[in-house]
Amino acid sequence: MSNNDILKKLRVALELNNEDIIKILELVNFKVTKSELGSFFRSDDHPNFKPCGDQILRNFLNGLVIFKRGPRVGKPTPPAID
């Protein structure tokens, strides 16, 4: 299963839209555009398909923890991993 598939499945399971995912990524100071995000959800054979890298999925999962649980008490928000 690719990172794109994981991101798609989490998007559907958690009923997230593109704006929600962008906000989640901003929680860990990671910027992504709507068009870049849309390219992750295209089919593999589409000309504008872009593979979702480990960095994006990792930052999304870290942001999702903050989104669901709230920020860490007493500790700063972890920086985005480049």
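## Around leucine 14

Leucine 14 is in contact (heavy atoms within 4.5 Å) with Leu64 and Lys68, once its neighbours within four places in sequence are left aside. Its place is in the loop between α1 (3–13) and α2; helices here are DSSP runs of H or I with at least four residues, numbered from the N terminus. With a relative accessibility of 29%, leucine 14 counts as partly exposed, a class between buried (under 20% relative accessible area) and exposed (over 50%), using a 1.4 Å probe and protein chains only.

Before going further, a word on the source: this is a predicted model, in which local features need pLDDT of at least 70 and side-chain atom pairs count only at pLDDT 80 or more, while totals for chains, interfaces and linings use all residues. Residues are numbered from 1 along each chain as its sequence is written, and side-chain values use heavy atoms, with hydrogens and water left out.

## The rest of the α1–α2 loop

Glutamate 15 also lies in the loop between α1 and α2. Have a look at its backbone: phi is positive, at about 55°, although glutamate 15 is not a glycine. Its relative accessibility of 71% makes glutamate 15 exposed.

Leucine 16 has its place in that loop too, but leucine 16 is buried, with a relative accessible area of 10%. Not counting residues up to four places away in sequence, leucine 16 touches Leu10, Arg11, Ile21, Ile24, Phe60 and Phe67.

## Where α2 meets α4

Helix α2 (residues 18–26) packs against helix α4 (residues 54–69) at an angle of about 90°, and their axes are 7 Å apart. The axes are lines fitted to C-alpha atoms over the stretch in contact, with angles running from 0 to 180 degrees between N-to-C directions. The two helices, α2 and α4, are therefore roughly perpendicular to each other, the class for 65 to 115 degrees; under 35 is roughly parallel, over 145 roughly antiparallel and the rest oblique.

On the α2 side the contact is made by Ile21, Ile24 and Leu25, and on the α4 side by Ile56, Asn59, Phe60, Gly63, Leu64 and Phe67. By class, this contact of α2 with α4 has 7 nonpolar, 2 polar and no charged residues. Here Ala, Val, Leu, Ile, Met, Phe, Trp, Tyr, Cys and Pro count as nonpolar, Asp, Glu, Lys and Arg as charged, and the others, Gly among them, as polar.

Beyond its neighbours within four places in sequence, asparagine 59 is in contact with Leu25, Val28, Phe30, Ala80 and Ile81.

## Between α2 and α3, and into α3

Asparagine 29 is found in the loop between α2 and α3. Asparagine 29 has a positive phi of about 60°, although it is not a glycine, and at 52% relative accessibility it counts as exposed.

Serine 39 sits in helix α3 (residues 34–40) and counts as buried, at 7% relative accessibility. Its contacts, leaving aside neighbours within four places in sequence, are with Asn48, Phe49 and Lys50.

## Rings

Arginine 11 lies over the face of phenylalanine 41, at 4.3 Å from the ring centre. A charge sits over a ring if NZ of Lys or CZ of Arg is within 6 Å of the ring centre and within 35 degrees of the ring normal.

How many aromatic pairs does a search of the whole structure find? The search finds 0.

Terms used
Rings of Phe, Tyr and Trp (its six-membered ring) pair if their centres lie within 6.5 Å; planes under 30 degrees apart count as stacked, over 60 as edge-to-face and the rest as tilted.
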